[in-house]
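Subject: Structure handover

Hello,

Here is the structure to be handed over. Notes on what was found in it follow below.

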Amino acid sequence: MSDPTASDPATAGQGGDWAVLGEESAADARMYLLTVREVASGEAADAAVPMLLLALSQVLVMGARLGAVEDVVPHERFEPDAGPDVELDPLRESLANLFEGLDEYADVVDPLTTPELGVGSISNDVADVASALSHGLSHHEAGRVVEALWWWQFSYLSHWGERAAAALRVIQTLLAHVRLDADEETVSEAEFDALHP
């Protein structure tokens with residue numbers, strides 16, 4: 001991909017690099033929402049943690065791209081009405097049920113300014129990211145590519161990037177406990193079986 005910082009935002013949506021970044025970001029947002037809804041449905045409960053690990057990692061790549069480019073400046077001074085936001089409370093509740101007993105975690109409020117600990121929630125974090133991405137998608141689907149990029153970039157830096165990163169750390173830690181905290185005898189038997197088919 002060419003460097004979006006070399007493109008004039010005024011040409012976005014008209015074949016410029018901003019349009020390319022907009023399409024890539026929209027595709028990543030849609031994939032995240034699709035994966036999260038599938039996880040929340042409970043149909044693939046055994047794969048929920050690996051699926052969220054991949055979804056959060058991928059959407060953080062999207063956010064990093066947006067964070068690395070120059071500030072996106074929308075055409076209008078005020079954000080156009082994107083219509084009603086998608087109702088995500090059912091998604092949040094389904095995720096909370098799925099991670100019952102594991103949903104809440106210790107969260108550092110701001111690692112640069114204070115060591116103060118708060119309480120985070122996987123379900124809230126995942127749903128907050130989904131909400132921000134959905135809002136940007138509304139602009140993108142209405143043809144307002146620059147507005148979508150502005151929203152995704154602003155909300156990544158101000159909120160959803162932090163929440164996605166926090167949730168990813170918890171999900172990765174959870175996966176590590178599942179994989180590494182197994183009974184030693186069980187692990188030994190599995191290793192023996194793997195080496196002696």
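Where is the place of Ser25? Ser25 sits in helix 1, residues 17-41; helices here are DSSP runs of H or I with at least four residues, strands are runs of E with at least two, and both are numbered from the N terminus.

Some ground rules. This is a predicted model, in which local features need pLDDT of at least 70 and side-chain atom pairs count only at pLDDT 80 or more, while totals for chains, interfaces and linings use all residues. Residues are numbered from 1 along each chain as its sequence is written, and side-chain values use heavy atoms, with hydrogens and water left out.

Ser25 counts as buried because its relative accessibility is 0% (buried is under 20% relative accessible area, exposed over 50%, partly exposed in between, with a 1.4 Å probe and protein chains only). Beyond its neighbours within four places in sequence, Ser25 is in contact (heavy atoms within 4.5 Å) with Met62, Arg65, Leu66, Leu149 and Trp152.

Leu149 and Trp152 also belong to the largest nonpolar core, which has 49 residues. Such a core is a set of buried Ala, Val, Leu, Ile, Met, Phe, Trp, Tyr and Cys residues joined through side-chain atoms within 4.5 Å. Tyr32, Leu133, Leu149, Trp152 and Trp160 touch the most other members. Helix 1, helix 2 (48-68), helix 3 (89-98), helix 4 (122-141) and helix 5 each give two or more residues to this core, and the largest share, 16 residues, comes from helix 5. Not counting residues up to four places away in sequence, Leu149 touches Trp18, Leu21, Gly22, Ser25, Leu66 and Val72.

Ala148

Ala148 is in helix 5 and is buried, at a relative accessible area of 0%. With residues up to four places away in sequence set aside, Ala148 touches Gly136, His139 and His140. The C-alpha atoms of Ala148 and Ser134 are separated by 9.9 Å, the two residues being 14 apart along the chain.

Val108

Val108 is found in strand 1 and is partly exposed, with a relative accessible area of 35%. Val108 touches Thr114, Glu116 and Leu117, again not counting residues up to four places away in sequence. From Val108 to Gly120 is 12 residues in sequence and 8.8 Å in space, C-alpha to C-alpha.

Regards
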